[in-house]
Amino acid sequence: MEPARATPASPQAPAQVTARDWDERVDRASQKLPESVQRGVAWLREPARFPVRLLAAILLILGGIFSILPVLGLWMLPLGLALLAQDVPGLKVPMEKSARWIEQQWRRWRGK
């Protein structure tokens, strides 16, 4: 048997998605918010705010599940998952991949 050879990564291969990519995306997105909302997001992302963040994430996810009701909407589900990803590292990579897929579809739909 011949030993396996390492093949160089092709230039078309997508970059490896990491949890840090998601954290950077959240940082960039929060910088686009008004100053008062930025402070609120920064406060909520502090490690000591885990109980508040967990409760808010659960309520948002439940609200997203019951999106057929007035006021509640499907927008609540990804926001709840994004909050939960702050404390569950295993969610960061799927959230980043989902965000990249949505961006790709948006560009395709917009024709850019």
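This is a predicted model: local features need pLDDT of at least 70, side-chain atom pairs count only at pLDDT 80 or more; totals for chains, interfaces and linings use all residues.
Local features were taken at pLDDT of at least 70 and side-chain atom pairs only at pLDDT 80 or more, while totals for chains, interfaces and linings use all residues. Residues are numbered from 1 along each chain as its sequence is written, and side-chain values use heavy atoms, with hydrogens and water left out.

Helices are DSSP runs of H or I with at least four residues, numbered from the N terminus. Helix α5, residues 89–110, contains 22 residues. The distance from its first C-alpha to its last is 32 Å, close to the 32 Å expected at 1.5 Å a residue; the expected span is 1.5 Å times one less than the number of residues. Lys92, Met95, Glu96 and Ala99 are the buried residues of α5 (buried is under 20% relative accessible area, exposed over 50%, partly exposed in between, with a 1.4 Å probe and protein chains only). Viewed down the axis of α5, these residues fall within an arc of 105°, so they line one face of the helix; the arc is that of the directions from the helix axis to the C-beta atoms. The face turned away from the buried side carries the exposed residues Gly90, Trp101, Arg108 and Trp109. The cover over the buried residues of α5 includes α1 (19–31) and α4 (76–85), where contact means heavy atoms within 4.5 Å. Just after α5, Gly111 has a positive phi of about 80°.

Asp21 is located in helix α1 and counts as buried at 17% relative accessibility. Its side chain makes a polar contact with the side chain of Arg100 at 3.3 Å (a pair of N or O atoms within 3.5 Å; within protein, one must be able to donate a hydrogen and the other to accept it, and residues adjacent in sequence count only if both atoms are side-chain atoms). A polar atom of the Asp21 side chain also lies 2.9 Å from the backbone nitrogen of Thr18.

In α3, the buried residues are Arg53, Ala57, Leu60, Ile61, Gly63 and Gly64. Seen down the axis of α3, they fall within an arc of 160°, so they line one face of the helix. Pro51, Leu55, Leu59 and Ile65 are exposed on the other side of α3. Both α2 and α4 are among the elements that cover the buried residues of α3.

Notes: Helices (H or I, at least four residues) and strands (E, at least two) are DSSP runs, numbered from the N terminus.
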